[in-house]
Amino acid sequence: MPQPPPSPIRIGSATHPAPLSPQQQQFDTLVQRIAAQRELLAAWDEAVGAYRERYAREFEPLLATYRALSTQLAQWLDTAADRKGLSRADRATLGEIVAGLAGDLADSAPDEAARAAMQALRDRHAGGGDAERADGPAMAQETPGLDPDSPEEVLRRVEEQMHAAQARAEQARQAHHAARRRRKPPSARERQAREQAQQASQSLRDVYRKLASALHPDRETDPAERTRKTALMQRVNQAYAAGRLLDLLQLQLEAEQIDPAHIAHLGEERLSHYNRVLADQLAGLQREVQAAQHAFCAEFGLDPSSQYKPSKLMTRLRTQLQHLQQDAHHLRLLLRALEEDPDELKRWLGHERAAMRAADAFPDDPPDRMGR
């Protein structure tokens, strides 16, 4: 990852107290925003590394314990399903709980054997709802088709033909417009944008060529200086390949090709070219930051549409650990109560049934399946 320049180049400073032009102000703003994005990218890298290390050390073992307790509960309830004294409502509630638990465990199973065992347990307790859903497609297939000469079937065929004709017409229209766009000469605005992009690219090349000319190690006879220039030239090549103008300007400062006052005396046209390259560099860094967040979400199964801050990741993990510890503790207490008190199962099922009814009445705030 590229490191921020040791001393960001800015025009507005004690050495340049005069009011800044619009291009100079934009240059300074872009430099500051690039520095901020680099700091944010470095913060993401550091925070994700720390998060990953603690997640593996503390969260994953605790999660394995929680899954083992959940599996133990699902299996215990499975064996209790035929216990005498349970009402039909109790058995229906128990089956729904086991099916839900086993389904969750199958989705997060660490291996194929555990997944298959939980899927079998889920299917055994899925109940009539799943059976009805499984029969649905077959019943639909057994429904006899319409009479090919009936008005309904004729209308259906005519509508299909009309939709197909409309799709072909739309396809032809889009192809025609695409062909016209290809033949249409670029507008004045498009030509101007293309010319500005070429000029910005040329400005980047100019800075690179000056650096390459001064730092080329093959032209250096002193071994120590050749080593220094080789390292600098590697940084130059990397910065140029990535389009990082700010890094190239910083390298010019290090190579003493320019001084901080040099940027302040650049013409407005040259600064506008620089600003275009810096804007592209800023956009690239912003994409890198977004990619870092998305990669973090993908690795830990989080919602990528949510916003996360690197500084808050460890706080979030501590909260997750606390909740998971509480959930595992609750499961231990529940299993102990179910095993020690024969009447606890009916009481617990009644509580769960009431919670399910409450969830149906208030679907936006469903209770946890485990009664937590």
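**Helix packing and burial**

The axes of helix H8 (residues 245-254) and helix H10 (residues 268-300) cross at roughly 120° and come within 8 Å of each other. Axes here are lines fitted to C-alpha atoms, for helices over the stretch in contact, with angles running from 0 to 180 degrees between N-to-C directions. H8 and H10 are therefore oblique to each other, given that angles under 35 degrees count as roughly parallel, over 145 as roughly antiparallel, 65 to 115 as roughly perpendicular and the rest as oblique. The helices themselves are DSSP runs (H or I, at least four residues; strands are E, at least two), numbered from the N terminus.

The model is predicted: local features need pLDDT of at least 70, side-chain atom pairs count only at pLDDT 80 or more, and totals for chains, interfaces and linings use all residues. Residues are numbered from 1 along each chain as its sequence is written, and side-chain values use heavy atoms, with hydrogens and water left out.

On the H8 side, Leu-245, Leu-246, Asp-247 and Leu-249 are in contact (heavy atoms within 4.5 Å) with Tyr-274, Val-277, Leu-278 and Gln-281 of H10. Sorted by class, this contact has six nonpolar, one polar and one charged residues; Ala, Val, Leu, Ile, Met, Phe, Trp, Tyr, Cys and Pro count as nonpolar, Asp, Glu, Lys and Arg as charged, and the others, Gly among them, as polar. H8 is mostly covered, with nine of its ten residues buried (under 20% relative accessible area, with a 1.4 Å probe and protein chains only). The buried residues of H8 include Asp-247, Gln-250 and Gln-252.

A second pair is formed by H2 and helix H3 (residues 112-125), whose axes lie 8 Å apart at an angle of about 155°. H2 and H3 are therefore roughly antiparallel to each other. Among the residues making this contact are Leu-94, Gly-95 and Val-98 of H2 and Arg-115, Met-118 and Gln-119 of H3. By class, the contact of H2 with H3 has eight nonpolar, four polar and two charged residues.

Helix H2 (residues 88-107) also holds Thr-93, which counts as buried because its relative accessibility is 4%. Neighbours within four places in sequence aside, Thr-93 is in contact with Leu-349, Glu-352, Arg-353 and Met-356.

Taken as a whole, the chain has twelve helices and zero strands. Of its 372 residues, 32% are buried. Among contacts with a separation of 6 or more, 70% involve residues 24 or more positions apart.

Terms used. Buried means under 20% relative accessible area, exposed over 50%, partly exposed in between (1.4 Å probe, protein chains only).
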